[in-house]
Amino acid sequence: MVGLLFLLSLAVFFLFNLLPFDPARLTCGKVCTPQLLEQNRHRLGLDLPPWDQYLAFVRGIFFGRIYAPDQPFPIVCHAPCLGYSFLRHAEVTTLIARALPVTLWLTLGGFIVWITFGVVGGIVAALRRGRWQDRVLMTVALFGYSMPSFFIGLLLIFFVILQLQWLPFPSASAVQAGPFANPVKFFQTMILPWLVIAILNAAFYVRLTRNQVLETFGEDYVRTARAKGLPERTVVVKHALRAGLTPIVTAAGLDIAYLMGGAIITESIFSLPGMGSLSVNAVTNYDLPLITGVVLVAGIFIIAMNLIVDLLYGFLDPRVRIG
Amino acid sequence: MTDAGKEVLEVSNLRTYFPVRSRGVLPRTIGQVKAVDGVDLAVGPGETLGLVGESGSGKTTVARSVLMLVRPTSGSVKIEGQEITRLSQRDLAPVRRKAAMIFQDPYNALNPRHTVGGIISAPFKIQKIEPEGGVKRAVQTLMERVGLNPEHYNRYPNEFSGGQRQRIGIARAVALRPKLIVCDEPVSALDVSIQAQILNLLRDLQHEFGISYLFVAHDLAVVRQISHRVAVMYLGHMMETASRKVLYSQPLHPYTHSLLSAVPIPDPARQRERNRILLEGDLPSPINPPSGCVFRTRCFQAQERCAVEIPPLVEVAPGHKVACHFPIATVPKSVVTEHQAHELAPVEGVPVPPAGPDRVVPA
Amino acid sequence: MSTVHAAKGVSSGATEVPERPFLSVENLSVKFPTEDGLVQAVDGVSLTIEQGKTLAIVGESGSGKSVTAQAIMGLIDRRTARMSGQVWLDGQELMGLPMPDLQAIRGSQIAMIFQDPMSSLHPFYRIGDQIIEAIRVHRSVSKKQARKETIDMLRRVGIPAVERRVDDFPHQLSGGMRQRVMIAMALINSPRLLIADEPTTALDVTVQAQIMELIASIQDEFKITVILITHDLGVVADVADEVAVMYGGRVVERATTAALYLKPEMPYTLGLLSSIPRMDKEMDRLDPIPGNPPSPINLPKGCVFQPRCAYWERVPDDLCKTTRPELLATVPDHMVRCHLEPEVRREISASVLSVLSGGRS
C-alpha cells in the first residue's frame with residue numbers, strides 16, 4: 001500500500017516533469033529574457049537536479065514547502081503540499097480541496113441512484129428471465145449502455161431545463177456550498193448530473209446483476225435453498241444474489257474510485273467545478289503542479305478503493321478470511 | 001520382491017512436500033503438506049500394482065511424482081533402472097517414451113481444440129518418431145485397437161462420450177508402446193457398464209504389449225479386478241502391500257481391514273454375513289500429521305506405543321509388507337464368509353493382537 | 001386404483017381411496033426442450049413406496065433417476081420443462097400444486113440431501129444459521145429455540161463439539177461432516193419422506209459407510225420413508241427394501257432387493273451385475289454391457305435397451321426394435337419391462353448368475 005503510493009508518486013512526478021515543455025517559460029510572461037527565465041526557474045525550484053526536485057516534492061507533502069526562500073516574497077505552501085500552481089497562484093491542495101467535495105457529492109449521489117436501479121433491475125430481470133420484463137429491462141439497459149454520456153446530458157439539459165423548465169440552471173456555488181447550506185438548490189442542480197452518471201452505470205449493473213444471479217441459480221446451494229421450502233424471493237436475494245455479490249462489489253468499488261478522479265464529461269456539461277473540470281483546466285493550461293496533484297489524488301482513490309474492496313471480500317466471503 | 005534390476009518402476013523413500021503459504025501482503029511459507037512421506041514401491045514387467053487410498057492419502061501425488069509431473073522433494077524413482085529424479089526436462093523426453101499416463105477426467109485431459117487424430121498422434125510428433133506406414137495409419141490402427149471407429153479421426157473430443165474419451169486417452173498413452181503406464185483413477189468418472197469395458201481393455205492391452213501399470217484408485221473392487229499386487233496408502237505413508245490374493249483375504253493392517261469392510265458388496269446375503277468395522281472421524285491434516293503411526297487417531301488397535309514410534313514397513317511373509325505395531329492376524333470376518341475361514345492359515349511371524357476390534361458392528 | 005386418472009389439481013385427500021400407497025408416482029414424464037431437440041429425461045415412470053420403507057432407484061448417468069427425484073420434490077423449473085403425470089404423497093397430489101403450497105411441503109414433508117455436500121451448503125453462511133433458516137421458514141419458533149433444536153440435531157447426526165461447530169462455515173468442515181450437516185438440515189422439520197440423491201458418491205469409502213449407517217439409524221428412529229438414488233449396487237444391497245432399475249428414462253425392472261439380486265430378469269440388470277468388479281470375488285474378466293447408453297434426445301423406438309441387448313434376436317418379429325415393452329409383473333412384487341418370454345428370461349438369468357458366482361472368493 002505505502003510502496004504502491006510511493007511508486008505512484010514517482011511515476012506521476014517524473015512522467016509530467018520530463019515532458020518536453022518548460023513550466024518556467026510558461027510563467028515567464030511576454031517579455032522574457034534569459035535572465036528572467038533563469039530567475040523564474042530558480043523560483044519554481046526547477047534549477048535543481050530532477051531527483052532533488054522529487055525529494056523537495058515529497059518533503060513538501062509531509063512538512064510543507066517554501067519556494068525560493070532566498071528570494072524576496074517567497075511562496076509558502078503548507079503541508080500537505082502537493083505543489084503550487086503558479087498559473088493560478090494557489091496551492092494545489094487548496095484547489096483540490098475546493099473541487100473534491102463537488103465530485104464527492106456527484107459520485108455519491110450518482111452511485112446511490114445507479115446501484116439501486118442496477119441491482120433491483122438486475123434481480124427483476126433474472127426473476128422474470130425470458131419474459132417481457134426481462135426483455136424490456138435488457139433493451140433499456142443496452143440503450144443506456146451504448147449512449148454517450150454527453151449525449152444524455154445534453155438531451156436532459158435541453159428538455160428538462162430549457163424546454164420544460166422543470167429545473168433551474170445548475171448553480172456551481174450551491175454545489176460548492178454542499179447539501180446543507182441550501183438543500184433545495186443543491187438537489188435541483190445535482191439531480192440531472194446524477195441521472196447522467198447513473199444511467200450509464202445502472203445499465204451496466206443491471207446486466208451484471210442479472211448474469212450473476214442467473215449464474216448462481218445453477219449452483220447446488222440454491223437448489224438446497226429451494227429444497228428447504230424457502231420462497232423464491234428469499235432464494236434469489238438471500239442465497240443467489242448474496243453469492244454473486246462479490247463481482248458487483250468489485251465493479252462498484254472501481255467505478256467509484258474512477259469517478260472520484262473526476263467525471264470529466266458530466267462535470268463539463270453541467271459546469272460543475274469538480275475534479276474533472278479541474279484536471280481539464282490544468283491540462284489545457286499546462287499547469288504541471290496541478291496535473292501532478294490531481295493525478296496523484298485520483299490514484300490515491302483508486303488504490304484506497306482497491307484496499308476497501310479487498311477488505312469487503314473478507315467481509316463478504318468467509319473463505320477469504322484468514323484463519 | 002524380485003531382483004531390483006528387473007523392475008520396470010522402482011520407487012524408494014519418495015517424499016513430495018508442498019509448501020503452505022500464508023495469505024496477506026507478504027506471503028510466507030508457514031508449513032508443508034507432506035503429501036507423500038517416504039514411500040517405497042516397485043512394479044515388475046507386465047505387472048499391475050494397484051495403489052489404493054482415500055482422498056488425501058497421497059496416492060495421486062505418488063502417480064504424478066513418478067512421472068516427474070510434480071518434482072519429488074527427495075527419494076529415488078527408477079524407470080527400467082534409470083534414475084530420473086534429477087533429469088532435466090529435456091533429458092526426461094526419452095523417459096516419457098517409456099512411461100505414459102492416463103488421467104481420471106476424460107473431459108479435461110483432452111484438448112478440446114484438437115482432433116482425435118491430432119491428440120493420439122501427438123506422442124509420435126513430440127518424440128519425432130515416424131511409424132511404419134505413416135502416423136495416420138498408426139493412429140487409426142490404435143483407434144481400432146482401443147475400440148474407436150478409425151473414421152472418427154477428424155472429430156473433436158466433445159463429440160464423444162465419457163467412455164470413448166477415456167479410450168482416446170488410452171490410445172494416446174499406448175501409442176509409443178510404453179513399458180509403464182501410470183493410471184490415475186482412470187475409471188472413477190465412468191458409469192459401471194463403461195467402467196467394465198475400460199478395465200477389460202486395459203487388461204487386454206497389458207497382455208498384448210506387456211505393459212506394466214501403476215493403477216491408482218480409491219475403489220477397492222476395481223483394484224482387485226485389475227491388480228496383481230496391491231499397496232494401501234494412508235496420509236502419505238504406505239500401510240500395507242501384498243499380492244492381491246493375500247491382501248483381500250488375509251489383510252494385516254487395521255486400516256486395510258476397515259477399508260475392506262467399508263465397501264458394500266452388491267449381494268444382500270453376503271452383505272448380511274459380514275461384520276463391519278466403522279472407522280470414526282476423518283483423515284487428519286497432512287500439514288500436521290499425528291506423531292508415530294499416522295493412522296493411530298482412527299485406529300481401533302492403537303496403544304501408547306503407536307503415538308511414539310513410527311511403525312516401519314516390514315516384510316512379514318514373502319511379498320507381504322505391513323507397517324503396524326499390532327497387526328490383526330485373525331481371519332477377518334469383515335471380508336470373507338464363514339465357510340472359507342478355515343482354509344486360511346494364520347500368517348507366521350505375526351504376533352496375535354492383544355485385543356480384537358473394539359468397534360465391530362454387525363452389518 | 002380407481003383414481004389413477006383423477007383430474008390434475010385435485011389436492012384434497014378426502015375423496016381419495018385409502019389404498020393408494022404412501023408415495024405414488026404415476027406416469028411421470030419430464031421433457032426439456034433444447035436447441036438440439038427434446039430431451040426425454042423421464043418417460044412414463046411409475047413408482048410406489050410404503051411408509052417407512054426404503055426404495056432405491058438405481059441407474060447410470062442419464063438414466064433419469066435424479067430428474068425423477070427432483071420432480072417428486074418439485075424442483076424442476078416448470079417454465080423450462082414439460083412435465084406430466086402425478087405425484088401423490090399421502091393422499092395429496094403434488095404436481096398440480098400452486099408454488100406456495102409446494103414450498104410449504106418442501107423441507108417439511110419432503111426433504112432432500114444431495115451428492116456433493118460442499119457445493120450444496122451455501123459457502124457464505126454459518127451451518128447453524130442455514131439450519132435455523134430451514135426451521136423458521138416452516139415453523140414460527142424463536143431464534144433461540146431454533147438454535148437449540150439445531151444444536152440438538154447436529155449432535156444427533158454425530159457432529160463433535162457441536163457448540164463450537166454450529167458457528168462454523170461449511171469450508172471449515174470435512175466432507176463427511178458436511179454431509180452430516182445436510183442430513184441434520186433435512187431432518188430438522190421431521191419430514192416424512194427423505195430423498196437422498198447419491199448421498200455418498202462424493203465421499204471416501206470409510207466415510208460412506210459412516211453416512212449410510214447414520215441414514216439407516218435415523219430412518220429407524222424417525223420412521224422416515226427414504227428414496228435412495230444411486231448408481232452403486234453395493235450401497236443398494238446394504239439398505240434398500242425395494243429397488244427400481246432405471247435406464248433411458250424408464251423403469252426397466254422393479255423388485256424387492258433380495259429378488260433383484262437373486263433373480264434379476266431384465267437383461268440390463270444382468271448386464272449391470274456382471275459389469276461390477278467385486279470386492280468379495282476374484283474374476284478373470286468382467287462381462288460388460290457393450291456400447292453406450294442412448295442419447296435422451298433420440299431414444300430407440302422400441303425397447304430403450306435393445307441396441308445393447310444380447311438377447312433381442314430371441315424375440316420374434318423384431319418386436320424389441322419396433323414396440324415399446326410395458327412394465328409387467330412377472331411374479332408378484334416383481335415387474336420387468338422386457339419382450340422376452342418369462343421362462344426365457346429366467347433361463348438367461350440363471351446362466352449369467354452361475355457364471356458370476358463362479359468367481360473365486
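1. Buried denotes a relative accessible area under 20%, exposed one over 50%, and partly exposed the range in between, computed with a 1.4 Å probe on protein chains only. Helices (H or I, at least four residues) and strands (E, at least two) are DSSP runs numbered from the N terminus. In helix α14 (residues 275–284) of chain A, the buried residues are A:M275, A:G276, A:S277, A:L278, A:S279 and A:A282. These buried residues of α14(A) pack against α5, α12 (245–260), α13 (264–269) and α15 (288–316) of chain A, where contact means heavy atoms within 4.5 Å. After α14(A) comes A:Y286, with a positive phi near 55°.

2. The model is predicted, so that local features need pLDDT of at least 70 and side-chain atom pairs count only at pLDDT 80 or more, whereas totals for chains, interfaces and linings use all residues. Residues are numbered from 1 along each chain as its sequence is written, chains are lettered from A and ligands numbered from 1 in the order in which they are written, and side-chain values use heavy atoms, with hydrogens and water left out.

3. Over all chains, the structure holds 26 aromatic pairs. Rings of Phe, Tyr and Trp (its six-membered ring) pair if their centres lie within 6.5 Å; planes under 30 degrees apart count as stacked, over 60 as edge-to-face and the rest as tilted. A:F13 and A:F57 form a tilted pair, at 5.0 Å centre to centre and 35° between the planes. Because A:F13 belongs to helix α1 (residues 2–17) and A:F57 to helix α4 (residues 50–63), both of chain A, the pair ties together parts that are 44 residues apart in sequence. Both A:F13 and A:F57 are buried. Ring pairs also link A:F6, A:F13, A:F14, A:W51, A:Y54 and A:F57 into a cluster.

4. The ring centres of A:W105 and A:F180 are 6.3 Å apart and their planes stand at 80°, so the pair is edge-to-face. A:W105 lies in helix α5 (residues 92–127) of chain A and A:F180 in the loop between α8 (172–177) and α9 (183–217) of chain A, so that distant parts of the chain, 75 residues apart, are linked. A:W105 is partly exposed at a relative accessible area of 23%, while A:F180 counts as exposed at 72%.

5. A charge sits over a ring if NZ of Lys or CZ of Arg is within 6 Å of the ring centre and within 35 degrees of the ring normal. A:R226 lies over the face of A:F217, at 5.1 Å from the ring centre.

6. In chain B, B:E7 lies in the segment before β1 (9–21). B:E7 is buried yet has no salt bridge, and the nearest side chain of opposite charge, B:R229, is 5.6 Å away. A salt bridge requires a side-chain nitrogen of Lys or Arg within 4 Å of a carboxyl oxygen of Asp or Glu. The side chain of B:E7 reaches the backbone nitrogen of B:G44 at 3.3 Å.

7. Chain B contains eleven helices and 14 strands, and 56% of its 363 residues count as buried. Of the contacts in chain B between residues at least 6 apart in sequence, 64% join residues at least 24 apart.

8. C:S275, in helix α11 (residues 267–275) of chain C, is buried with a relative accessible area of 0%. Its C-alpha atom is separated by 4.5 Å from that of C:P288, 13 residues apart along the chain. Neighbours within four places in sequence aside, C:S275 is in contact with residues including B:V192, B:S193, B:A196 and C:P288.

Methods. Lys and Arg count as positive and Asp and Glu as negative; His and the chain ends are not counted. A polar contact is a pair of N or O atoms within 3.5 Å; within protein, one must be able to donate a hydrogen and the other to accept it, and residues adjacent in sequence count only if both atoms are side-chain atoms.
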